[in-house]
Amino acid sequence: MSAPGTTGLVTRAAVDAAAAVLEGVAVRTAVEPLDAVPGLLLKREDTQPIGAFKLRGAFHAASRLAPEVRAAGLVTHSSGNHGRALAWAAARLGVPATVVVPHDAVAAKVEAMAALGARLVRVPADEREQAADAVVAETGGALVPPYDHPDVIAGQGTVGAEIAAQVPDVERVLVPVGGGGLISGIAAALAGTGISVVGVEPELAGDAAESKHTGALVRWDRARVSRTAADGLRAARLGELTWPHVAALVDDVVTVTEASIEQAARVLHGAGVPAEASGCVATAGALEHPGLVRGRTVAVVSGRNADPAWVARVVAA
């Protein structure tokens with residue numbers, strides 16, 4: 001698929017409508033400086049109730065379902081944070097949730113989903129989309145995808161709207177990229193403002209960067225992307241809806257090494273920011289590519305739900 005135009009993209013109006021739905025539900029997270037990197041500010045999405053930005057898109061999408069559809073249950077496939085967010089949303093809305101979870105998901109994230117009352121279905125990573133469709137067919141529930149849905153994108157876009165309000169002179173926003181829901185929403189919220197949006201992803205899962213640079217959607221196989229420690233980014237690839245947003249609204253996508261992700265983790269944890277590997281990626285972009293920090297630059301810390309073994313190894317290094 002070649003680079004598309006702007007028809008059918010999520011609008012700032014849709015993001016503003018999502019913000020109204022999320023008022024009193026999602027935390028308006030702080031923006032604060034990272035002293036180790038002059039000029040860099042952190043958008044602390046790790047402080048959301050479920051420890052990640054995913055709450056925004058999951059709750060917004062679930063809330064827009066017809067009540068009778070929602071009552072049959074919410075269904076998704078996720079390696080962690082989106083599943084946890086949907087389980088949280090389901091509990092708040094008083095409906096059941098089923099999450100199809102790949103076998104290689106981080107144990108701590110799986111346990112958190114279960115603790116919120118979600119029914120878990122474990123499958124090989126390559127089978128999770130089909131398994132989720134089967135659950136929908138079985139239960140009559142509603143599928144809430146992790147990223148490739150306009151209501152999910154609009155919900156995630158509230159991160160960008162908040163940044164613009166909190167940092168009026170912001171010049172650039174660095175965003176981790178997996179499936180592209182977060183960066184699509186932020187780019188939609190900031191479209192036409194002159195604020196540069198740059199995606200950052202692991203070099204070992206660099207399909208979005210390749211897509212952006214070649215102008216055609218490419219998808220790396222899961223065996224290839226599974227090498228990165230950033231588990232929240234390795235299983236997700238740009239979708240049929242997020243790719244047009246990245247193609248049209250995102251200025252660039254850069255990659256970072258695993259060493260840079262680990263360095264970012266040490267810097268962030270040393271500053272009291274308990275980011276997971278995926279949540280360190282945008283900051284890693286600022287460390288590995290210092291030229292990205294142009295004027296007032298914000299890096300999104302997308303989540304804190306880390307693999308404890310990874311944190312122990314990296315932070316102690």
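**Figure 1. Lining of the second largest pocket.** The residues that line the second largest pocket are Asp-16, Ala-19, Leu-22, Glu-23, Gly-24, Ala-26, Val-27, Arg-28, Arg-56, Thr-158, Ala-161 and Glu-162. The model is predicted: local features need pLDDT of at least 70, side-chain atom pairs count only at pLDDT 80 or more, and totals for chains, interfaces and linings use all residues. Residues are numbered from 1 along each chain as its sequence is written, and side-chain values use heavy atoms, with hydrogens and water left out. A pocket is an open set of points on a 1 Å grid over the protein atoms alone, where a 1.4 Å probe fits, with protein on both sides within 12 Å along at least five of seven lines; lining residues have an atom within 4 Å of a point. The volume of this second largest pocket is about 210 Å³, a volume being the space filled by probe spheres set on the points. Helices α1 (12-22) and α7 (150-166) each supply at least two lining residues; helices are DSSP runs of H or I with at least four residues, and strands are runs of E with at least two. Five nonpolar, two polar and five charged residues make up the lining (Ala, Val, Leu, Ile, Met, Phe, Trp, Tyr, Cys and Pro count as nonpolar, Asp, Glu, Lys and Arg as charged, the others as polar).

**Figure 2. The largest pocket.** The largest pocket has a volume of about 250 Å³. It is lined by 16 residues, of which His-77, Glu-129, Tyr-147, Asp-148 and Arg-237 are the closest to its centre. Helix α6 (residues 128-139) gives the most to this lining, with three residues. By class, seven lining residues are nonpolar, two polar and seven charged.

**Figure 3. Strand β3 and its partner β4.** From β3 (residues 74-77), Leu-74 and Thr-76 point one way and Val-75 and His-77 the other, and all are buried (under 20% relative accessible area, 1.4 Å probe, protein chains only). Strands β3 and β4 (residues 97-102) run parallel and are joined by four bridges; strands pair if DSSP finds at least two bridges between them. His-77 has Val-100 of β4 as its bridge partner.

**Figure 4. The aromatic pair.** One aromatic pair is found in the whole structure. The ring centres of Phe-59 and Trp-88 are 6.5 Å apart and the planes are at 65 degrees, so the pair is edge-to-face (centres within 6.5 Å, planes over 60 degrees apart; the six-membered ring is used for Trp). Phe-59 belongs to helix α2 (residues 54-63) and Trp-88 to helix α4 (residues 81-93), so the pair ties together parts 29 residues apart in sequence. Phe-59 and Trp-88 are both buried.

Conventions: Phe/Tyr/Trp six-rings, centres within 6.5 Å; stacked < 30°, edge-to-face > 60°. Buried < 20%, exposed > 50% of the residue type's maximum accessible area, 1.4 Å probe, protein only.
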